[in-house]
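Dear colleague,

Please find the structure below, handed over for your review. My notes on what was found in it follow.

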Amino acid sequence: MRGRKIVLIEGKDDEHVIKHLWGERGLTDRLNFENLSSVESLLEAIPTRLKATNDGDIVAIVLDADDNLQDRWQQVRRRLVRASYLNVPENPAPSGTIIDAPEASILPRVGVWLMPDNQIRGILEDFLALLVPADSALFAHAKQAVAQIPVEQRLFAAVAEPKVLIHTWLAWQEKPGLPYGTAITARFLNPFHPEADRFVAWLRELFQI
């Protein structure tokens with residue numbers, strides 16, 4: 001019997017984005033999402049969750065790089081090593097990391113994707129910004145609008161600026177304020193963008209589809 005395709009995520013937005021990208025690409029294999037509700041909870045769950053899988057399961061770990069890509073990778077790497085993976089690379093692969101289970105082990109094949117692209121710091125919304133049509137003058141206006149907010153009127157932290165930008169841009173669409181996943185289905189965000197290609201290709205290779 002084939003095992004499950006498990007995706008560990010840090011929030012519901014990640015699930016909706018991945019589900020809609022998956023569907024828009026015509027992929028029908030079921031993904032089993034496990035929402036750990038925060039990056040801290042996801043990181044702490046990695047060793048125990050991997051050891052609790054069944055034979056044939058494959059696990060994808062998707063989380064934000066946040067302020068420091070290398071620090072985040074080392075956080076993940078330490079936990080994979082703790083779970084007895086011996087072949088974890090020193091740096092994340094630009095195309096998404098995939099690690100086969102150690103020989104004679106019950107551990108699953110595992111993959112790691114650090115949003116937005118395994119190469120720079122950032123979050124899910126930075127990935128979504130890459131899916132905005134390149135010729136969108138409206139996105140340029142949204143960037144300008146956010147950049148021009150006076151410092152004393154910025155009620156959001158600097159780390160949240162990509163969220164502010166993408167929500168601003170989505171609020172200006174024909175159907176304002178669509179959730180991320182629905183915005184992909186509506187093609188306000190392009191599910192066939194090369195950056196989406198890279199992410200979906202990683203999932204397909206990891207899950208052997």
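Does Arg77 count as buried, or as exposed? At 18% relative accessibility, Arg77 counts as buried, where buried means under 20% relative accessible area, exposed over 50% and partly exposed in between (1.4 Å probe, protein chains only).

Please note that this is a predicted model, in which local features need pLDDT of at least 70 and side-chain atom pairs count only at pLDDT 80 or more, while totals for chains, interfaces and linings use all residues. Residues are numbered from 1 along each chain as its sequence is written, and side-chain values use heavy atoms, with hydrogens and water left out.

Overall architecture

The protein chain holds eight helices and five strands; these are DSSP runs numbered from the N terminus, helices (H or I) having at least four residues and strands (E) at least two. From the N terminus on, their order is β-α-β-α-β-α-β-β-α-α-α-α-α. The radius of gyration is 18 Å, close to the 17 Å that the globule rule gives for 209 residues, so the chain is as compact as a globular protein of that length. That radius is taken over C-alpha atoms, and the rule is 2.2 Å times the number of residues to the power 0.38. Of the 209 residues, 46% count as buried.

Salt bridges

The count comes to 14 salt bridges, each being a side-chain nitrogen of Lys or Arg within 4 Å of a carboxyl oxygen of Asp or Glu.

Arg77 meets Glu90 in one of them, at 3.2 Å from N to O. This pair links distant parts of the chain: Arg77 is in helix H3, and Glu90 is in the loop between helix H3 (69–82) and strand E4 (97–99), 13 residues apart. Glu90 is partly exposed, with a relative accessible area of 48%.

In helix H1, Lys12 and Glu15 also form a salt bridge (3.2 Å, N to O); being three residues apart, they are separated by about one helical turn. Lys12 is partly exposed at 47%, whereas Glu15 is buried at 9%.

Glu195 and Arg198 pair with their closest N and O atoms 2.9 Å apart. They too are three residues apart, in helix H8 (residues 194–206). Glu195 is buried at 19%, and Arg198 is partly exposed at 24%. Salt bridges that share partners join Lys12, Glu15 and Lys19 into one network.

Asp14 lies in helix H1 (residues 12–24). Asp14 is buried yet has no salt bridge, the nearest side chain of opposite charge, Lys163, being 7.4 Å away.

With kind regards

How values were computed. Lys and Arg count as positive and Asp and Glu as negative; His and the chain ends are not counted.
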